[in-house]
Every structure is written in C-alpha cells, then in structure tokens.
Amino acid sequence: MQSDFIERPIGTRDYAGCEMTRKRDIEDRLIREFELWGYQSVETPLFEYAETFARGLHRDEDERLLRLFDREGRTIALRPEMTTPVARVAATLLGSETLPLRLCYCAKTYNGRGGRVQGPVEVPKAGVELIGDSGTDADAEIIALMVDSLRETGLTEFRFALGHMGFVQALFSVLPPELRTRLRHALIAKDLVAYDAILASETQSAPAGWLEALRVMPRIRGGVDAIEQARSIAFVEAAQQACDEWQELLTALSEHEVADVVHLDLGLCLDHEYYTGITIEGYADALGQPIAYGGRYDALLAQFGRPAAATGCVVHVERVLAALDEEGCGVPVHRLYYSAGTRSVALAVGRELRLLGHRVAVTSVTPEQNVDESGLVDTWTPTDPSGAWAFLAAGGTVTASDEHFAVVCQEIVRVLGQESDLRC
Amino acid sequence: MLTIALAKGRILDATALALASAGYPVPNDLAESRRLILEDDSRDVRYLLAKPVDVPAYVEHGAADLGIVGKDVLHEKQADVHELLDLRFGVCRLVVAGWPNTDVGAVKRVATKYPRFTTDYFRRMGRQIEVIDLQGSVELAPLIGLADCIVDLVETGRTLAENGLTPLAELGTVSARLVANRRSYQLRATEVDAFVEALRQRSGGAAS
C-alpha cells in the first residue's frame, strides 16, 4: 500500500535551504517596497465563507474553489485570491478609516485542480490595493510601485502590458449581450482565430466598419502610437474616454520614470469579472508565463457595503523566483560547538556574533560527532597563530565579562568563512 | 532570435511548405533528419522539432516563442497560449465512427485520443459517456468490443474502411494553428508580428 502520509497533496510543495532563503528574501523585499510607498500590511484568514469569494470570482475559479464545511455546516473555502478578502477588510474592519486606503499583503492562495489546470494548487502571492481613488494617478502609482518592487527583487528585464476593460466594453456595446460574452471569452482565452470566426459569422450584428474595428482591436499593441490607433476606432464616447485615460496614464508613468517598461495591449482581457477599467499584466523576459496582473475594480467594494473605486496588482512570488537568475543565497550559517564546561563561552560567543548580524547555531558536541580536536573543521585557517582561536583551541576559556572576550569575538568574526564550524 | 516549435508527423510536410512560401525555408530533409533543433541564422530563427502533443507545452512555458500545431492537439491540451492564426492546412475531419448500424445517441463507451472533444460533443447531446483514452490505433477498440464507437481524425477514411468502420457523425474540422507564448507575444511583439504577417499573407489573409 502506498504511504500517503509521507507525500504531499498534488499541487503543493515544500521549501527548504537556498530556495527557501531566496523565496523569503523576495517576499521581504516586495513587502518592504510596498510599505515604503505607504501601504499597510493586512492579513486575512486562510479560509472564508464561500459566498464571500463568490462576489469576485471568475468562471472556472468557482469550480476550482477548495471548499470545506465548518461545524455549523456552512460552506467555507480556501482563499483563491486576495483582492476580495482585502476589499472585505477595507469595508468592515477599516470601514471607518478615511479613503484612500493603501493596503498590501503577502499570502498563499489556493486553486483546486479543475479541467486543464496542471499548475500549483498553493500559490504564494504578494500584492497591493489602492482603495478609494478613481483617478488614473492611482493606476499609475500601482504600476510604478510594481516596477520598483520587481526591480527591488533583482529582476531587470520585464514589462507591463496595459489594457482597458472600458475600451473593450465600449466597442462591444453595439452588439447583442450573448455575442459580447462569446467575444469576451475568446479574448480571455487569447484565441484570435475563434474571435475572428465569431465576428465573421455575425455580419448582421453591427455596421461593417464597426466589425472591422472589432477585428483589428485585439491586435493593436504599442506605445503612444497604439493610443492613436485606438482613437481611430473609438466610435463611442466611452471608448474615447478610455483613450484619454491611457494618455493620462502614460504621461503620469513618464513622470514616475517607468514609461519605458510599459506598452498598450488593446486586447488584454483578464479572467476576472470584477475588472472595470485599466488592466495590467507583467512579463519577465526569463519566463514564459506572466509574473504579475491586476487592474481597476470599481464595483467590488460596493458588494461589501462600502462603494469605492479601487485598483491593485499582485505578483506571483514563485514565478519571480523562477525568473531570477540562480544565485547563491548569500548568508551563511555558522555552527558553534561546545563540550562539557565550555557551554557558557559558546552561548556568549553566539550572542555576540548574532548582535553583529551573523547567523549562528550553537550546538553541543556529542561523542559520535567527530569534530577535530584543534577546534575547527576544514574551513578554519588560523591566520594568526597567537590569535583568539588559538587561545580557545589551546583550552583557554573566556566569559562575557573577561577582558579577552571582545578580542576573541572580533578574531572569530575576522576569520569567519562562508560557513564555519567553530569549537569552544 | 525566435524559437518556433514545429509538430512532427501529420502536418510537418505542409508546415515546411507554408514556411518556405512565407520566406522561411527549412531544410528539405526535415522529416528524415534526426536533429531536434535546426537553426536558420540568416533569418534569425530556430526550429524545434517536437511531438505534436508536446508543442503546446513548449510554447506555454516559453521554451519556444511560437508553435505550429493542429487544433486537435491544441484543444485537448488547453494550453495557456495566444492562438494567432488559422493556417488552413492539415485540415482533417473529427468524426464519430463505428460499425455501420451504430446509434450514436445510444453509445455508452467511446474510445479516443481526444477525450475533451469527445466529452464536450456528447455533453452537448445531453449524454454522459465513458471515455476510453487511447494513444493510437483507436480503430481497434470497436473491433474487439472495448468501445461502442470511436472519435478520431479522418483524412481519407481509408483506415476506417479497411477495418469495416464508417463515419457516423462529424464533430468538426481541425487545421494547423500558429500559437504564441504569452511573454513572447508581449516582449518580442515586433518579431512575432512580422512572422505572423508573413504567414498570414501566405495563407491568403485567412482568418486574421
């Protein structure tokens, strides 16, 4: 019989060693950068009532929700994303705080495996939400903050594509609702062949010029030139407004000095029902899959009783980890051994080294452990035979109040290698 | 440099022809060659020769920027890629086939290489059927009673006929598609768009 207890559920993973250090480092850097921009960290429960999430879910996310029952028999679910819980917090716990609210988080989210999804079930994400500001300056801030945060993790080659749900909806507005849904699903699936086929079969639904505009729309990508192209097919007021917003956004982004890492993609359609305005998606050159996504969701907060405009973005921590070059994890851990009688010295040395920022594990030498009698194994090269280590190795002892103590610690720090085994 | 994953097998010859007429000639011995990577320095492209079912994965994960593969495989794999162009070659019918007197509305077990197409088709008929997922020689299944019928691609219908089977219903037609990786579509837009345009003009402005 297979022993399940020793395996992990499919789609989950363990982290340890260098990879864990790098992941933690990325998360720390992202959160630190978010907080530097004035965003407050929030934490929400791992699971909530399923109805809470139902307010923000997209099509197959609902099917993939990992559901459980609480003791009263109510359906609860592991959070599939963080925007909805953060919106709930903004409307309840922080309901009396003045808008705008700047909130950030670093949390694991859960997507059950349904249909084609072969990806991870447990997905660590770090994100920001700016709630209560409807201007494009807020969208620009989110993008600029994201660019800074990704750079802070060490990523250099990446870009953001900017879409606008308002533009897409405005161009679709002339069509019957059922057709809009089909076209939107084709755009979400990024299936331009199906999109064209639908348009080709619906020649009665809109004027020929409008259909042609719909056909070229999702293929337009670029900078300011793309806005000009967008204007040329923006037949309704709402579409012109979206173009104005793109224009304002690009101007603001150049003042943030990040305009060089963004471009427009008119066909960008994210798989979440709640997006209402500018949408963003980030890509790293080193990775085939998007590393970040987000956008404006002006209708979600009202679902929780506090109507407010909002925008945000979330980073896929594991994908950033994968996109970064494999580099060493930097900080070595030193081991400090003690035997009978030297424990107080070892503990004192350990304290001192930690104060200096070194990572030290203090551990007793058991009879089985073959630690070299000279005190140091392998990595130790006594650069100063008369130094502190020789003093210790020769059986000398110090206490924290001893006049030798500071000298001993300084000497140890001076000769600490990448990873040292020291013996007191 | 663009990396383009090509599906070996059924559509490879047509793919080579299409590429050549779009200004991207590939070596003549493509099908016979055992090399898996071919480089064309003059056009700054590199071709990967992959098993058709693997092409969506190469493109989804960004090992290839673009891929040319049949819609049959693409639909089954449901990869997260941009589907940019219907190349209009490698056209095949996807059919339900079985003994001549089989009632398609009453079958219970269906053998196929295309479980997703099959399940969708019968679900639309309001039927839940048992799918037997096979990798090849699907025609064998009804012959030995493993399944009531099959769902498979048909080009000429000869294999079916030689085994006494006949097409009973058509699910649709499939053809070769050009797909793009999500990162490459955004970050290598100029190169990707140029390649798409070259192939689009070649396929007579079809579908894009």
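## Sheets, helices and backbone details

In chain A, Leu68(A) has Ile76(A) of strand E4(A) standing opposite. The model that shows this pair is a predicted one.

E3(A) and strand E4 (residues 75-78) of chain A run antiparallel and are joined by 3 bridges. They belong to an open sheet of 3 strands in chain A, with the order E2-E4-E3 and antiparallel pairing. Strand E2 (47-49) and strand E3 (67-69) of chain A are at the edges; each has a single partner strand, so one side of each has no neighbour in the sheet. Ignoring direction, neighbouring strands of this sheet are turned by 40° against each other on average.

As background, strands of a sheet pair through backbone hydrogen bonds, in either a parallel or an antiparallel way.

**The nine-stranded sheet**

Another open sheet of chain A is formed by 9 strands in the order E1-E5-E6-E12-E11-E10-E7-E9-E8, and its pairing is mixed. Its edge strands are strand E1 (40-41) and strand E8 (221-222) of chain A, each of which pairs on one side only.

Within this sheet, how many bridges link strand E6 and strand E12 of chain A? Strand E6 (residues 122-131) and strand E12 (residues 310-316) of chain A pair over 7 bridges, in the antiparallel sense. One pairing can be named: Gly127(A) has Val314(A) in E12(A) as its bridge partner.

Helices also lie against these strands. Helix H11 (residues 237-255) of chain A packs on the sheet and touches strand E7 (158-164), strand E9 (262-265) and strand E10 (278-284) of chain A. The direction of H11(A) makes about 155° with that of E7(A). Helix H1 (residues 17-36) of chain A lies across E1, strand E5 (101-110), E6 and E12 of chain A. H1(A) runs at about 160° to E5(A).

**Helix pairs in chain A**

Two packed helices are described by the angle between their axes and by the distance between those axes.

| Helix pair | Angle | Axis distance |
|---|---|---|
| H6(A) and H9(A) | about 150° | 10 Å |
| H8(A) and H9(A) | about 175° | 10 Å |
| H5(A) and H11(A) | roughly 45° | within 9 Å |

Ala170(A), Leu171(A) and Phe172(A) of H6(A) meet Trp210(A), Ala213(A) and Leu214(A) of H9(A). Sorted by class, this contact of H6(A) with H9(A) has 6 nonpolar residues, no polar and no charged ones.

H9(A) also packs with helix H8 (residues 192-201) of chain A. H8(A) and H9(A) are therefore roughly antiparallel to each other. Here Tyr195(A), Asp196(A) and Leu199(A) in H8(A) meet Leu211(A), Leu214(A) and Arg215(A) in H9(A). The contact of H8(A) with H9(A) has 4 nonpolar, no polar and 2 charged residues.

The remaining row brings back H11(A), paired with helix H5 (residues 136-152) of chain A. From their angle, H5(A) and H11(A) are therefore oblique to each other. H5(A) passes H11(A) in a right-handed crossing. On the H5(A) side, the contact residues are Thr136(A), Asp137(A), Asp139(A), Ala140(A), Ile143(A) and Ala144(A). They meet Glu245(A), Glu248(A), Leu249(A), Ala252(A) and Leu253(A) in H11(A). By class, this contact has 6 nonpolar, 1 polar and 4 charged residues.

**Chain B as a whole**

Chain B has 8 helices and 11 strands. Its radius of gyration is 19 Å, close to the 17 Å that the globule rule gives for 208 residues, so chain B is as compact as a globular protein of that length. The C-alpha trace of chain B spans about 55 × 35 × 30 Å along its principal axes.

**Two backbone details**

Most residues other than glycine have a negative phi, and most peptide bonds are trans. In chain A, Leu99(A) and Pro100(A) are joined by a cis peptide bond, with omega about 0°. Pro100(A) is in the loop between helix H4 (83-91) and E5 of chain A.

In chain B, Arg88(B) has a phi near 65°, a positive value in a residue other than glycine. Arg88(B) is placed in the loop between strand E5 (82-86) and strand E6 (92-98) of chain B.

Conventions. Residues numbered from 1 in each chain as written. Chains lettered and ligands numbered in written order. Predicted model: local features only at pLDDT ≥ 70, side-chain atom pairs only at ≥ 80, totals over all residues. Heavy atoms only, no water. Pairing = 2+ DSSP bridges. Helix = DSSP H or I, 4+ residues; strand = E, 2+ residues; numbered from the N terminus. Contact = heavy atoms within 4.5 Å. Axes fitted to C-alpha atoms, helices over the stretch in contact; angles between N-to-C directions. Nonpolar A, V, L, I, M, F, W, Y, C, P; charged D, E, K, R; others polar. Rg over C-alpha atoms; globule rule 2.2 N^0.38 Å. Parallel < 35°, antiparallel > 145°, perpendicular 65-115°, else oblique. Left-handed = near helix turned anticlockwise from the far one by under 90°.
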